[in-house]
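Here are my notes for anyone opening this model for the first time. Have the structure on screen while you read, and go through the points in order.

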Amino acid sequence: MTGDVLGVPQLHGDDHQVRAVHVGHALHHRAGRGAHVPESLLGGACFISAFIEEPGVVRHNGTLQRMVFGARHSEQEPVARQFLHACTEAGIDAEVSADVDRVIWEKYVFLVGHSATTTAVRRPIGVVRSHERTRVLLRDVMAEAVAVARASGVALAEDFAERQLAFCDTLPADMTSSMHNDLEHGHRLELPWLSGGVADLADELGVPAPRNRTVADILAPYVDGAPSGA
C-alpha cells in the first residue's frame, strides 16, 4: 500500500480513540518526522500480497497478512497498545514497533527493489534474481533506497540491501509485484511513490540514485496506464 490511510473501528477506552493507521510509503513518513501528528494517527506497515483485479475487487495472494504499527510520539503509546489489543482479540497478526519509521523504510526498500525490477524486466522475481545483471540491478536499486533512508536519518544498516537480496532468494520464483501486474493490465502505476520517489528524494538530499532514476524514466510512459496507441 502506498500513501493510503487504513480505516479501523473507533476504540473507546480512557481518553483514547484509534481512528486510523497511516500505512503510507516511507516518503510520507519522512515528511512527517518531527511534525505534529494527530494522536489518533499511528504509523504502520502492512505486509500482504494483493492485486486489484478490477475496480472494487482486491485479490489476496498467499497467506501473508501482518500489520506492524507504532507511536510517532510518546503520547500515542497508549493508543498503539489499545489498538494492538483490539487486533489480537480479532485474530489479526499484529505487533507494535518502538521504531516505526525504520519498519516502514525496511518494507519500502524491498518494495522499491521488487517492484522496480519485476516491472522493468516484466518477469517474476525468479527471473530477476537468477540473471547476473538483473540481480545486480535489484541489489543496486535497494542500496540506493537504503542510502536515501540513512541520509534521511533512519537507522538502516549499511548492509541492509544485501540482506534483502538474500531474502529475495527465499521468495517463490513466480512471485511478482503489484506494479508489474498493473503494467501488464494497463493500469496506473505507483511509480512516482516507488523508484520515482526514491530518485526525487535522492536529488533533494544530494544522494546518487541513477538506477532508480533510470527505472522511473523507462516506465514513465505507463504511469497513467497504457499509452494511447500502445
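1. Let's start with the rings: the structure holds three aromatic pairs. Rings of Phe, Tyr and Trp (its six-membered ring) pair if their centres lie within 6.5 Å, with planes under 30 degrees apart counted as stacked, over 60 as edge-to-face and the rest as tilted. One of the pairs is Phe-69 with Phe-83, with ring centres 4.7 Å apart and planes at 45°, so this pair is tilted. The two partners come from distant parts of the chain, 14 residues apart: Phe-69 sits in strand E4 (residues 57–70) and Phe-83 in helix H2 (residues 77–89). Helices (H or I, at least four residues) and strands (E, at least two) are DSSP runs, numbered from the N terminus.

2. A word on what you are looking at: this is a predicted model, where local features need pLDDT of at least 70 and side-chain atom pairs count only at pLDDT 80 or more, while totals for chains, interfaces and linings use all residues. Residues are numbered from 1 along each chain as its sequence is written, and side-chain values use heavy atoms, with hydrogens and water left out.

3. Buried means under 20% relative accessible area, exposed over 50%, and partly exposed in between (1.4 Å probe, protein chains only).

4. Next, look at Phe-110 and Phe-167, an edge-to-face pair with 5.5 Å centre to centre and 75° between the planes. Phe-110 belongs to helix H3 (residues 100–121) and Phe-167 to helix H6 (residues 160–168), so the pair ties together parts that are 57 residues apart in sequence. Phe-110 is buried, with a relative accessible area of 14%, whereas Phe-167 is partly exposed at 38%.

5. Now zoom out. The protein chain has nine helices and five strands, in the order β-β-α-β-β-α-β-α-α-α-α-α-α-α along the sequence. Of its 230 residues, 45% are buried. Taking contacts (heavy atoms within 4.5 Å) with a separation of 6 or more, 64% are between residues 24 or more positions apart.

6. Leu-191 deserves a look. You'll find Leu-191 in the loop between helix H7 (178–184) and H8, and Leu-191 is buried, with a relative accessible area of 3%. What is Leu-191 in contact with, leaving aside its neighbours within four places in sequence? The residues are Met-179, Gly-196, Gly-197, Val-215, Ala-216, Leu-219, Ala-220 and Val-223. Val-112 is 79 residues from Leu-191 in sequence, yet the C-alpha to C-alpha distance is 9.0 Å.

7. Helix H8 (residues 195–205) comes next; its buried residues are Ser-195, Gly-196, Gly-197, Val-198, Ala-199, Leu-201 and Ala-202. Just after H8, Gly-206 takes a positive phi of about 75°.

8. Finally, how do H8 and H9 meet? Ser-195, Gly-196, Val-198, Ala-199, Asp-200 and Asp-203 in H8 touch Asn-212, Arg-213, Val-215 and Ala-216 in H9. The residues of this contact divide into four nonpolar, three polar and three charged (Ala, Val, Leu, Ile, Met, Phe, Trp, Tyr, Cys and Pro count as nonpolar, Asp, Glu, Lys and Arg as charged, and the others, Gly among them, as polar).
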